[in-house]
Each structure stands twice: as C-alpha cells, then as structure tokens.
Amino acid sequence: MDVSSLRDARLRDPTFVPRSQLLSADDVARALRRMAHEVIEHVRDVDQVVVVGLQTGGVDFARRLADGLTEITGRAVRWGSLDVAFYRDDLARNPAPIPATTRIDHDLTNQTVVIVDDVLFTGRTVRAALNALTDWGRPRVVQLAVIVDRGHRELPIRPDYVGKNLPTSLDEAIVATLAGVWIGTKGRA
Amino acid sequence: MITSIRGQNLLSLDELTRDAIVEVLDTAEAFVEVNRRTIKKVPALRGRVVASIFFEESTRTRLSFETAAKRLSADVLSLAVASSSMKKGESLRDTIGTVDALGIDAVVMRHRSSGAALQVSRYVPHVRVINGGDGLHQHPTQGLLDAFTIRQCLAERRGVVGTETGAELFAGLRVLIVGDIRHSRVARSDIAAYVALGAAVRVAAPATLLPEFVEQWPVEVVTDFDEAIEWADVVALLRLQRERGSGSFVPTLGEFTTTYGLSVGRARRLRPEAIIMHPGPMNRGVEIDSLVADSPAAVIGRQVENGVPVRMAVLYLSIAGADEERAS
C-alpha cells in the first residue's frame, strides 16, 4: 500500500482505519477522465455547464473534472464549491459542523449543474445540496457525479456519472481522494 | 472555562477559551458568504424559536440579532418591554416564564443589571441564553464581532484566508482602548477576547473613568493617551455613557475631548496601518472627531456589518450545535 497517499486518506478522517486500497491514484484519474467524456456526451453545450463540488470531499474532484472538461473541449468550464451544512436534515441530531467555503460566482438559472461528491451513501447530502442550489437560481438540469457509489440509499436519488460502484456493508467506511480509494472501518473518535 | 459554545449559553467572554472564540470567528466567516448571496437565508434553524427581549434600548444589537435569527430561518419573538407587563410590575422571572411557556429554543436579552442574563439562564435551564449586554458586565457578541473585524482587516492586508490563521494574527497585536472604561461592558468583552486571542491590551482613561480593581485586569493602564498613540496597531474608542452618569466623572465634555478624544491631530500620529474602531453609537466630536470617524482607517461601518454574520454564528452554534448527549 502506498504509504504517503494513505497518510492523505487519514488526513481526511483521522478515525478511519483502512483495510485495503481499492483504487490507485491512476485509477481515480482514469475514472475522472471517463466521467468527463460522459458529461460531454450528455450535455448539449459545455459553456452552460457549472461543476459544483460539495465540501469537503467533492471539491478536489470537481476541480479535476472541470479541468478535464476544459482539456477535452478547449472551453473554460466553470466550477465552484458548496457547503451544505446549513441545509442538512440532521442538524438537530448531530453536532453542527463548521461550514467550509461556498463559492458559486454564477447565477445558475438555465445552466446545467453537475454536482460532484466523493462518496454517495444515504443521499442526504445530495438532497441538502439540491435544496441549497435553488438559492442560486433555477438550473435547467442538475446532474450528479460521484467517485464511489456505495449503496444504502435512504432517498430516491441516483447518480448520473459513477467512478466505481462498491457494494459495502453499513459498518464499513470509504475514503476517496485524488490519491486513491480505501475501504476500512471507522475507529472510535 | 468553556471550550466551545456548541449547545451552550453565551453569557460572558471571560469564560471562553481561545479555541471557543476562534470557532465562532471561523463559523462567522461562512455566514459572511451567506450574507453576500442574492437570497440571504439558510434553513439551519428552521422551526426553532428565538425570543429577543431588550429591557434596555438598542438599535444595532437588536436589529442585527433579529436579522441574524431570520437569516437562519428561525422564528423571532420580539418583546417590546416598554409596552409589556413589565410596566405593570411583573418580575423578570415571571416575564421570562411567560415567554418560555410559548416554547422557545433561545433567548437573546439585554438588561440594565449586571448578571441578569446569568440569572435568566438559571430560571430557564433548557433554553439557550445569549447575553446581548448586561449592565456594566459584558456584551459578548460585540467582543466577538470586534475580534472578527480585526482578523478580517489583518487577513485582507496580508492576503491570507482568515479561517486558516486561527488566532495567529493576534499574536503580539497592540490594542489600545480609550475612554469610558468604567461604564463599558464592551470594553470588558473586548479585553477578554483580545487577551484570550493573544493580543497585548492597554487602556487609556482619566482616573475617574477607570473601573475599581483595574489593576487586576490583564491590561496595562496608561493615563496619557498621547503617550500610547504611536504604540497602537488598533485604537478602540468607547462612547462616553452619559445615561450612566459619565458626564459627572469628567470636569467638562470639552476637557475630556481635549485629553482623550481622537482628534485629527492625534489620528495623524497613528501608525500608518493602524485600525480605528468604535462600537457605536458615536458621540461625534466627543470621543472621536467626525472627520476621523469617516476616514479610511476607521472600520466602524464594517463592525456594524459584521454584527449579523457573527451573531448568526453564535445562534447557530449555541442552538444547532447541541452535543449528541443532549440531542438523543
């Protein structure tokens, strides 16, 4: 196992105890490139696309996906970041997270928004993101891209672009970064 | 000491650690962004009820607290004390009991007596109490927004992101607080915040406007404003509180202005990058010259503007930030 990238995974979540690495950095880069091609196939006009990464796990991937789109089409594809802390439905049950930066510089009305997150699990984060996006206008289409879909949905939400489908059990944990994807367990904080 | 105000009351900055203060400043940074949006509202406190009870007059604190609560989607119950049953002789305890019976999650209150907020927190232990100013004691959200404003100014100048600096920008920062220290709850909260964050604080005031036991405060006392003016990175003026009888603590207003007012002449002697602050409301021409108040070095408008995001952060952490034990 690549030790420096493992450190990267632990940085994201210090309680994470990895068991094995499922995707390497190269695998992740390849998946992102394929997803970029899929986005281009699906959208009519890449100038209308705004890629929005969800804080904190989705932001690096969103930037990489937007870079990929720019590289393939030669058009500067816009991207931003969104923190959904204020829109969560579990605020009353979990300690309120400290919100990270939200940066969306464009009115999203009539745009094609591609939401990007690292791991799709219950779907509640995406539900919160859909809620939040309406404050920036009325997008023509909203799509969802995730690096890992681990199942266990609690809401009627499905991704449009998936890096890898990983069936998991509920007590497992997944960490996905540009450096790779790991499966393991969540240690006690 | 309180290490985080999540799920806690905010009664005094004296009891907050550096980490607790930095947490509020970092959270407020996210709300600055919310306040720049076209739709300045997030659903974080939807369905929660915040009561705002001001037993003492206020413009900016009350308006900014109520704006903050509304931008978090909380419902706001606003009690106008002048037209309430307090006038018929109802006690503080019974008034709070009545408001509590309506089902509230938090109460923001201001009162002329020091310790009133603490007292109310004992009457209604299940309600989060946010002190909006109690007598001569504390005005914690003012202290937090002043610290936030300083960090914001310094971070902008150095081209760094405030949330990544924690309390670093306060290390060794020289803050001079001038004027009516004795009657100022703002000064007490400001000093607590700045000292906790690592700044060096001096106070300058005529002996009559210094509080008793000031020698026990974590500050250096200077009696000559002119001596300290070139030392300061930040000069914070205070309002001469004539409604608390400050007028009789100085021989004449004119003399106070001559010796402790921030005149144009004194402002010229400030360090070129010095920041001038005033919590408002200002007595223009008394503690601060009108031209100085409107100069680029003065960040007084920014202090008011930052009141909303900082109070949003306080309400958000205090109400939505309950620990798991309380929530379950």
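Predicted model: local features only at pLDDT ≥ 70, side-chain atom pairs only at ≥ 80, totals over all residues.
**Notebook: strands and helices in chains A and B**

Residues are numbered from 1 along each chain as its sequence is written, chains are lettered from A and ligands numbered from 1 in the order in which they are written, and side-chain values use heavy atoms, with hydrogens and water left out.

**Chain A, strand β2**

I looked up the pairing of β2(A) with β3 (residues 78-82) of chain A and found five bridges in the parallel sense. Helices (H or I, at least four residues) and strands (E, at least two) are DSSP runs, numbered from the N terminus; two strands pair if DSSP finds at least two bridges between them. β2(A) is also joined to β4 (residues 112-120) of chain A by five bridges, again parallel. There, A:V51 has A:V114 as its bridge partner.

Is β2 (residues 49-54) of chain A mostly covered or mostly open? Mostly covered: six of its six residues are buried (under 20% relative accessible area; exposed is over 50%, partly exposed in between, with a 1.4 Å probe and protein chains only). I checked both faces: A:V49, A:V51 and A:G53 are buried on one side, and A:V50, A:V52 and A:L54 on the other.

**Chain B, the sheet**

Next I traced an open sheet of five parallel strands in chain B, in the order β7-β6-β5-β8-β9. β7 (220-222) and β9 (275-277) of chain B are at the edges with a single partner strand each, so one side of each has no neighbour in the sheet. From one strand to the next, the twist averages 20 degrees.

Inside the sheet, I found four bridges between β5 (residues 174-178) and β8 (residues 234-237) of chain B, parallel in sense. B:I177 sits opposite B:A236 of β8(B). Helix α5 (residues 140-158) of chain B packs on the sheet, touching β8 and β9 of chain B, and its direction makes about 160 degrees with that of β9(B). For these angles, axes are lines fitted to C-alpha atoms, for helices over the stretch in contact, and values run from 0 to 180 degrees between N-to-C directions. Contact means heavy atoms within 4.5 Å.

How do α1(B) and α5(B) cross? Their axes come within 10 Å and cross at roughly 70 degrees. That makes α1(B) roughly perpendicular to α5(B) (65 to 115 degrees; under 35 is roughly parallel, over 145 roughly antiparallel, the rest oblique). By class, I get nine nonpolar, no polar and three charged residues in the contact of α1(B) with α5(B). Ala, Val, Leu, Ile, Met, Phe, Trp, Tyr, Cys and Pro count as nonpolar, Asp, Glu, Lys and Arg as charged, and the others, Gly among them, as polar.

I then compared α1 (residues 18-36) with α11 (residues 300-320) of chain B: the axes come within 7 Å and cross at roughly 120 degrees. The two helices are therefore oblique to each other.

**Chain B, R311**

At 2% relative accessibility, B:R311 counts as buried. Beyond four places away in sequence, B:R311 touches residues including B:R60, B:H139 and B:L145.
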